[in-house]
Amino acid sequence: MENAPQRYVAHLDILGMRALTAQDHHEAWQMLSALEIALTTSTRVTIVSENFDDPIHIPEMIKSVIFSDTIILYSNADSPRDCLAIFTAVVNLFSKALHLRVPIRIGISKGIFYADEQRSMYAGPALIDAYDIGEKSQWLGIVLAASVAKDATSQNLRKGTSRIVVDWDVPTKTGTEKASVANWPVALESSFIMKPPITPEQLYEVFEQYFGPFAKLRESDANKYINTVKFINEQYALHKQASQSPGPKR
């Protein structure tokens, strides 16, 4: 089809939602309600970037839809401004979800995506890609498709001397895959309450109300938190090392 809409698409799902719904549907509804609050607040943002002359108003550029335990965010187009808008919205959403004790994972892709809001119809290869990228990752984090990583990296997003898009061996259901990910521990350094190095039990503590003691988790579920902590500690260590390194001699 000619003139197919090219967009950035993010797919987000809540870890453990199915089991929680079966165990306590009221708690599951409370968690989903908390995520909706996180979505609303994270997309009411205006970005001022040295890469662009005018501010970027995220509500004008990013739309979202919620169904069950899934959120889809999508841009109007695939311009550099759209890239920064959806990337910022996703990182903000991830941050607010953590503070509201909602464990999530996200995949971001770019490509053809059709959206008819009046009829609630959403489809396209970009959505499938975003779903696959996020769904197979075994952690709490944000994984970028190669095309998205290239676009985001070109904007040189940094926190101090540390890059906000980094390559990492992402744990999956069948092993690990090298991919570009959002360096959210560094991006959210000022708002991350627990200062690394931390343990999986420390990270998981805020979710214990919903899913029970860490020691009683299934191995596959516990590994998601173990993998996440490995990423947090590694990125903080690299960030700290970079910030303490002396600048170039003049």
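Colleague: Which are the buried residues of helix H5 (residues 125-135)?

Modeller: Please note that this is a predicted model. In helix H5, the buried residues are Ala126, Leu127, Ala130, Ile133 and Gly134. They lie on the same side of H5, because the arc they cover around the axis is only 130°.

Colleague: Why would residues three or four places apart point the same way?

Modeller: An α-helix has 3.6 residues a turn, so residues at that spacing point the same way.

Colleague: Which strands do the buried residues of H5 pack against?

Modeller: Their partners are strand S1 (6-14), strand S5 (70-75), strand S6 (104-112), strand S8 (121-123) and strand S9 (142-144).

Colleague: Let us turn to H6. Which residues are buried there?

Modeller: Val148, Ala149, Asp151 and Ala152 are buried in H6. These residues fall within an arc of 165° when seen down the helix axis, so they line one face of H6.

Colleague: And which exposed residues does the face turned away from the buried side carry?

Modeller: That face of H6 carries Ala146 and Lys150.

Colleague: What do the buried residues of H6 pack against?

Modeller: They pack against helix H4 (80-99) and against the strands S1, S6, S9, S12 (165-172) and S13 (175-182).

Colleague: A change of topic: Met31. Where is it found, and is it buried or exposed?

Modeller: Met31 is found in helix H2 (residues 25-42). Its relative accessibility is 0%, so Met31 counts as buried.

Colleague: What is Met31 in contact with, leaving aside neighbours within four places in sequence?

Modeller: Met31 is in contact with Ile14, Met17, Leu20, Arg101, Val102, Pro103, Tyr210 and Phe211. As for Leu20, it is 11 residues from Met31 along the chain, and the C-alpha atoms of the two are separated by 9.5 Å.

Colleague: Now the backbone. Which residues does a cis peptide bond join?

Modeller: The cis bond joins Pro196 and Pro197, with omega at about 5°. Pro197 is in the loop between helix H7 (184-187) and helix H8 (200-204).

Colleague: What is phi for Ser120, and where does Ser120 lie?

Modeller: Ser120 is not a glycine, yet its phi is positive, at about 55°. Ser120 lies in the loop between strand S7 (114-116) and S8. With a relative accessible area of 55%, Ser120 is exposed.

Colleague: And what about Asn156: what is its phi, and where does it lie?

Modeller: Asn156 also has a positive phi, near 55°, and is a residue other than glycine. The loop that holds Asn156 runs between H6 and strand S10 (158-159). Asn156 counts as partly exposed, because its relative accessibility is 48%; the exposed class requires over 50%.

Colleague: Finally, the whole chain. How many helices and strands are there, and what is the radius of gyration?

Modeller: The chain has 10 helices and 13 strands. Its radius of gyration is 18 Å, which agrees with the value near 18 Å for a compact globule of 250 residues. Along its principal axes, the C-alpha trace spans about 60 × 50 × 35 Å.

Key
Residues numbered from 1 in each chain as written. Predicted model: local features only at pLDDT ≥ 70, side-chain atom pairs only at ≥ 80, totals over all residues. Heavy atoms only, no water. Helix = DSSP H or I, 4+ residues; strand = E, 2+ residues; numbered from the N terminus. Rg over C-alpha atoms; globule rule 2.2 N^0.38 Å. Buried < 20%, exposed > 50% of the residue type's maximum accessible area, 1.4 Å probe, protein only. Arc of directions from axis to C-beta. Contact = heavy atoms within 4.5 Å.
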